[in-house]
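Have the sequence and the 3D view open as you read.

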Amino acid sequence: MTETLTGARITVRLLERQGIGLVTGYPGGAILPIYDALAQSTTIRHVLARHEQGAGFIAQGMARASGEVAVCLASSGPGATNLLTAIADAKLDSIPLVAITGQVPKAMIGTDAFQEVDTYGLTVPITKHNFLVSSAEELLEVIPRAFAIAASGRPGPVLIDIPKDVQNQAIEVAAWPAPGGRQLPPPAPGDDLAAAASLINAARRPLLYLGGGVIHSGAAAAAVDLAEKANLPTVMTLMALGAMPVDHPLSLGMLGMHGARYCNLALDECDLLIALGARFDDRATGKVAAFCPQAKIVHIDIDPAELDKIKTAHVGITADVGEALARLLPLVARNPRSAWVERIDQLKREFPQALPGLDDPRSHFGLIRTVAACLDDDAVIATDVGQHQMWVAQAYPLRRPRQWLTSGGLGTMGFGVPAAIGAALAAPQRTVVCFTGDGSILMNLQELVTAGEENVNIKIVLMNNAVLGLVHQQQTLFYGERLFASQFRALPDFCKAAQALGIAAVDLDAAANPCAALVEAIARPGPCLIHASIDAGEKVYPMVPPGAANRDMIGA
Amino acid sequence: MNAVSRNELKALRAVLEIDVNNHPGVMSHIVGLFARRACNVEGILCLPVGDGRQSRIWLLVNEDGRLAQMIRQVDKLEDVLAIRRHAGDHAVFAGLTDHFRP
């Protein structure tokens, strides 16, 4: 049956056909036709953020927690520019987003019209792909394709810029396109898998190196199976934490700049590095020339441009990690590898990760572990960016893929609160904890209003040291203790601020029994800010100084 | 063009032949990958091919250790159908000297 529909109605119908039940965004003049059509949808719920960047990160939280493509909306001009940081963040961490922006009418593009900005040009380098739609007919092709691109191969953000006249243009629609979904890449070449297996079987000191691609591919269980079958000690990037439970006997936890000393020393000794869905990021490798200096490299990644980018692989395989692992596993021999496993255990004993103050909930590690003790593995743990993020990465017992939501590649302060809201919207049955700092929370504080409005079950644990901790730490260690612009001379009363913005707040500083106060705050449904002062003198240790080799870690 | 300069060109330059979908924005996707690395694109030629739904872009770029990875990134773009690498003395730019006198 032929229907006459506007571009805006077509857009909303195509989102419905994609199975989208929840979108987030912020309206404005140039996207009002789509908002008007959205208002008439009976299946799509809209969550109103309080800033477009908040909307972008709410969508990211939905996508990271669920693995599904999430949608955010913004108007033209400042609406679009405010989205940019969240889009760039999604690009660096390979998060599937479809961002839809309104644009001024086609005839006014290029005239510096009110709220006109070159959204297409601005998003070229920060999206996986982007579209400027020039007719309502084009929407029928562009929208399903945007979802297919976002979800296929290496996931990523796709932007669709829709001029207002295209939104208002009415056309006859006779047939609807199939929804766009994930297209599988070609299978891994069998001889390459055989070559990888023979390197693994011949290795005496192999290490498995898991990156975020293992999470995106849904391959965490397969990676753990491989590790267990061949007794491969396993390191994880920040993005992969949870792929293997960090308390698994073969886990060496996080590698790199703030990884445990035993982990980085093991990398120094390995003779084979099996990199799965990892991109040899500089925070993971340290000085590249000194990274795994004795090791041959097997590298499996869905993105061919990642192979041989930083380190040349002896066997490089372009494939979906899950598909490749399923076929690699039977080729890999069982091997107790007892000498190497014993050596790893020795490194763990000799160079343990120091976690001082675990018993004291008023210390940073103690607070993190006390929060963990209140929760099970179903909880989602989001963070902002800074010292608190690294401490949580070091100390929280992450055990499940998609349990851990953090801004890895871009390292965006302000990520945590909106991402936690998004995770809670996508998984309302879970408790979502957001660890944040006094610097980060102020970067998207307005989203507390959204949290209150939606009554999402998020617990924001604010570790307040009244400084920009990582900046303070670097200035202390590497800039002659010249502290500049890293200490806040004024900070809000965070509990009062949270209450003023519409959510509950608990101050652990004032609690006679901080453990009891924490348990109660976490158990009470709905959003809550949990404030805890911590010592500004605490550092994230160990630390690889910028530019140094991982073996030259300082501290602890 | 004499033999010496052709040999120099061969060593210092590379020519890339890129088949793309012919629509606005494709060029900025491609040259952006060079600009972000502060790699100058020394020459650009582009014309539609066949019925005009596709174009072919020829780029003259400086030889660079990062070129192999840049080619893989270009190849990854949605609107790039194929990319081929040629030696720096490829004939496509050779006949254009008359149009580029100071």
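## The largest cavity

How much space lies in the largest cavity? About 120 Å³, in a predicted model where a search of the whole structure turns up four cavities of 30 Å³ or more. A cavity here is a set of points on a 1 Å grid, over the protein atoms alone, where a 1.4 Å probe fits but cannot get out; its volume is the space filled by probe spheres set on the points.

Lining residues (those with an atom within 4 Å of a point) include A:R64, A:H216, A:M239 and A:W404. The lining divides into six nonpolar, two polar and two charged residues.

## Two helices side by side

Over in chain A, helix α17 (residues 416-426) packs with helix α19 (residues 447-454) at about 20 degrees, their axes 9 Å apart. Helices are DSSP runs of H or I with at least four residues. The pair is therefore roughly parallel, the word for angles under 35 degrees.

Who touches whom? A:V417, A:P418, A:I421 and A:L425 of α17(A) meet A:E447, A:L448, A:T450, A:A451 and A:E454 of α19(A), contact being heavy atoms within 4.5 Å. By class, that's six nonpolar, one polar and two charged.

## Ground rules

Residues are numbered from 1 along each chain as its sequence is written, with chains lettered from A and ligands numbered from 1 in the order written. In this predicted model, local features need pLDDT of at least 70 and side-chain atom pairs count only at pLDDT 80 or more, while totals for chains, interfaces and linings use all residues; side-chain values use heavy atoms, leaving out hydrogens and water.

How values were computed. Axes are lines fitted to C-alpha atoms, for helices over the stretch in contact, and angles run from 0 to 180 degrees between N-to-C directions. Angles under 35 degrees count as roughly parallel, over 145 as roughly antiparallel, 65 to 115 as roughly perpendicular and the rest as oblique. Ala, Val, Leu, Ile, Met, Phe, Trp, Tyr, Cys and Pro count as nonpolar, Asp, Glu, Lys and Arg as charged, and the others, Gly among them, as polar. On a 1 Å grid over the protein atoms alone, a cavity is a set of points where a 1.4 Å probe fits but cannot get out, and a pocket is an open set with protein on both sides within 12 Å along at least five of seven lines; lining residues have an atom within 4 Å of a point.
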